[in-house]
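Thank you all for coming; I would like to take a few minutes to walk through one structure with you. Please keep the picture in view while I talk.

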Amino acid sequence: MAEKGASRGTLRRLWSLPRRRRGTAGRSRPDEIMHQDIVPLCAADIQDQLKKRFAYLSGGRGQDGSPVITFPDYPAFSEIPDKEFQNVMTYLTSIPSLQDAGIGFILVIDRRRDKWTSVKASVLRIAASFPANLQLVLVLRPTGFFQRTLSDIAFKFNRDDFKMKVPVIMLSSVPDLHGYIDKSQLTEDLGGTLDYCHSRWLCQRTAIESFALMVKHTAQMLQSFGTELAETELPNDVQSTSSVLCAHTEKKDKAKEDLRLALKEGHSVLESLGELQAEGSEPGVNQDQLDNQATVQRLLAQLNETEAAFDEFWAKHQQKLEQCLQLRHFEQGFREVKAILDAVCQKIATFTDIGNSLAHVEHLLRDLASFEEKSGVSVERARALSLDGEQLIENKHYAIDSIRPKCQELRHLCDQFSAEIVRRRGLLSKSLELHRRLETSLKWCDEGIYLLASQPVDKCQSQDGAEAALQEIEKFLETSAENKIQELNTIYKEYESILNQDLMEHVRKVFQKQASMEEVFHRRQASLKKLAARQTRPVQPVAPRPEALSKSPCPSPGIRRGSENSSSEGGALRRGPYRRAKSEMSESRQGRGSAGEEEESLAILRRHVMSELLDTERAYVEELLCVLEGYAAEMDNPLMAHLLSTGLHNKKDVLFGNMEEIYHFHNRIFLRELENYIDCPELVGRCFLERMEDFQIYEKYCQNKPRSESLWRQCSDCPFFQECQRKLDHKLSLDSYLLKPVQRITKYQLLLKEMLKYSKNCEGAEDLQEALSSILGILKAVNDSMHLIAITGYDGNLGDLGKLLMQGSFSVWTDHKRGHTKVKELARFKPMQRHLFLHEKAVLFCKKREENGEGYEKAPSYSYKQSLNMAAVGITENVKGDAKKFEIWYNAREEVYIVQAPTPEIKAAWVNEIRKVLTSQLQACREASQHRALEQSQSLPLPAPTSTSPSRGNSRNLKKLEERKTDPLSLEGYVSSAPLPKPPEKGKGWSKTSHSLEAPEDDGGWSSAEEQVNSSDAEEDGGLGLKKLVPGKYTVVADHEKGGPDALVVRSGDVVELVQQGDEGLWYVRDPTTGKEGWVPASSLSVQLGPSGSAQCLSSSESSPGSAVLSNSSSCSEGRPGPLSDLQG
């Protein structure tokens, strides 16, 4: 309201301009037009009437300055309507100033060419309608003789009719007129010299009045605008204030433009009137022209004064609006900054953690520095805003009382934030100092532990060794002052401001560890001092006791000497056992002391390994969190979207894989469970075993690593990664942190090896060994999967082949029965390099191809060549001439692959794994056969027992054999347990008529779909004994070279004749080629069914797991092309 009152006061001063008024009241002058409420009569309104020129104001003056109005000769004067006549008279009498009009007008009526009747009518009409004061009426009567005489006579007789307020003088000629009015004040048609042009006069009057009207409208517009400005309420927000200021500025500019146009118009009118002197008249210039010029000049002066007053008013109003806008900006900035500072203060209030390790405290300090850097922008903004407010106060802003408290509050918040940052940094620095001291103490303890562990007990038994070890210990103890914690209470008092329960417990444990280590050192030091001080006593001769000499008879000297010698020897023999026992007791006592010290040293080493495991685990979890928050989460941050390259859009899962899943597992589960074993580190193997399945998540991460590596190489120069690395203050780029999970999973096996090394005699040694084996198995599975995903060209789904068991590179020869001769010879001498993948259901042959590139792109790929179904695969473990070779054959040796491993150990591992697969398949077939037999026994009547049914003895033998788990491909198991059965007597073999040797012929042959070739008749009948024997010829499906004297040496592929069935899975056979006979395992024989029939592997039910070679090939395989061409690609 104060602002509005001040504006109105300024507005009143704007319109209180000096005005000069002339003449009497009741007359309107051009300079007063803008101050009238009634619109005056203007020349433009009666322009057509003025153009008739039946009366005009020439500007002439009488002797006393009376204005002269001339009525020239106008024949149609009587025809002029009264309204028009009245308008012209009113307008002409309003032109002179009030002072001149107050003297009275002089009318000059020119009727020299008219008739007396017209003269009379004109005079009477003028006298009746003239609106102003008259001083004198001069009438030029008609010049004709008759009319002049008539006018004289008529004027005399009709004088009363012309009685007016002023005299009417009839003039006979123009010279008579000059006697009343000077010639210079008369126009040329009246014999004067006054320059007058009616049309020019009319244009000047129109221009002057138009300018006056423009001045009036401009003044009214300014008055209205000023009122609007004075009544405007100040807005409360920045946008509204800016809008008001813009709107008022636009209106001000328009008003200024109207003023400029009005001034331009006034100067134009003034120039048209000419430069005349305001003092006195010059020849040819009448008074009306001077009055017109003065009027225009007065209007121009009034406009200038109005403009100056308006500018002054606008300057104040504009300053008020600008100050209001500054205030609104300040208030808006204050609200924003205060909200940010409040949030910052709330955030820093949550920074209560002082760290639980040196790395953690350093991380907290980095976080605090980063937070201070980010918040510093807001704090600087608040300080700058406070300075802006102080500047407004110095500039005498109208709202000082509102600005000053806000400035004070901003300074208080900034100071409070700075003080809290300093306090937090002080606490963390104190915590950092404490943790460094603790770390130094722990490091000193670890070095002492390693020093003790590095001093072997046997070397310390000598004096020199003990002295050297003692010097090492004493030298190490000299460093205790600068490394260990001296007083626990001093630490508590010095770091009281940061100590919480956990940190106090940590300090106490470090102090206890330090004390324990010092105690061990002191005990070791005492032991070494004893060993170093112990000296070997010299051997001194002892004289015989006199009593012994006196009691004995006196022999010869020789005998005496002999007796003495024997006596001394006997004494020595008597003393020898005592001394040895004493020495053994002393050594045993020292051994027990050394063993106790060694066990304590091992316990300290185990705690050290556990501490390293926990510290590295915590650091690993923090690094994962740092990557997920500093990189992965920022990829979804809209503020960072402009830094992302197009190649990174929607690629977060490719770049980071399942890192988030790994982080949650370690942070929420594994780390917490590890901390439960801090007091019993030797049992930590259980923690690994319980969570071994969870470690499978690393296989997924490693399989995605090539894609992640490729994406990183494409986008490593992206500004997004550089900005994130800068914010995190990382010295290494993101790719180093993406490698952390791979490095971590390999680190576990090293730590478990160290823990197992120091825990061999502890309770959890077996768990540690099993955990180590499991971790190594996971590493192998991860490595195998990395190779597996590099296979190309395989049409099927690798997942259908079962679990990948092993993989490796081998040299492979082929030896197929149906192969081309040249191909067989070529394959025999030139091996192929193949990479084999052993699955549960198939073995794949691939060709390894090296790829060009860097990193993971340089990893090899494998072109698929051939696969063998494990259901039809057999093996020969040993190949003559090379301990690294073994055979994989297919379909009863129709396809044979001779495989050479890099080392015999690799060969043994592969053979064992393949045997396990075959064993598991045989077991599955047995279970299926028993299940079918059980179903048949429930639905059909039991068959009558026959002589070929298995006996109880056979069942017991079967049980014994399964317990032995002997190698099915040799007879060592049988020989070692019991002697081989005796060979059968002559003529007591199989009867040729008991069974047919050939199977019935069938066009389709035998196929795996028609009969389960790996099952036995006994199993199908539901029995548990041996398979019912079929006399005839058999094919050997596995080499047999070992055994007793009655064992027969056979090779895979040989044909033998069955003679007799023995016990415990042995058959007595004859080699028809050599005529030799002997015992062989029944599991290594396959019955021959005919030239087109399939070879069926005979597997007795008592054979141990892995004793059967699973073969299932039908005669239709003869029509298939061999895999040699594919394998050699």
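This is a predicted model: local features need pLDDT of at least 70, side-chain atom pairs count only at pLDDT 80 or more; totals for chains, interfaces and linings use all residues.

Strand 2, residues 67-71, and strand 3, residues 105-110, run parallel and are joined by four bridges; two strands pair if DSSP finds at least two bridges between them. Helices (H or I, at least four residues) and strands (E, at least two) are DSSP runs, numbered from the N terminus. The sheet is an open one of five strands in the order 1-2-3-4-5, with mixed pairing. Strand 1 (56-61) and strand 5 (168-171) stand at its edges with a single partner strand each, so one side of each is left without a neighbour in the sheet. Helix 3, residues 82-94, lies across strand 1, strand 2 and strand 3 and runs at about 155° to strand 2, where axes are lines fitted to C-alpha atoms, for helices over the stretch in contact, and angles run from 0 to 180 degrees between N-to-C directions.

Turning to another sheet, we find eight strands in the order 6-10-9-8-7-13-12-11, again open and with mixed pairing. Its edges are strand 6 (791-792) and strand 11 (873-876), each with a single partner strand, so one side of each has no neighbour in the sheet. Helix 26, residues 765-788, packs on this sheet and touches strand 6, strand 7 (804-814), strand 8 and strand 10 (861-869), its direction making about 55° with that of strand 7; contact here means heavy atoms within 4.5 Å. Strand 9 and strand 10 pair in the antiparallel sense over eight bridges, and alanine 842 has asparagine 869 in strand 10 as its bridge partner.

Finally, a pair of helices: the axes of helix 22 (residues 697-715) and helix 25 (residues 740-757) come within 10 Å and cross at roughly 135°. The contact is made by Tyr698, Tyr701 and Cys702 of helix 22 together with Pro741, Val742, Arg744 and Ile745 of helix 25.

Note on methods: Residues are numbered from 1 along each chain as its sequence is written. Side-chain values use heavy atoms; hydrogens and water are left out.
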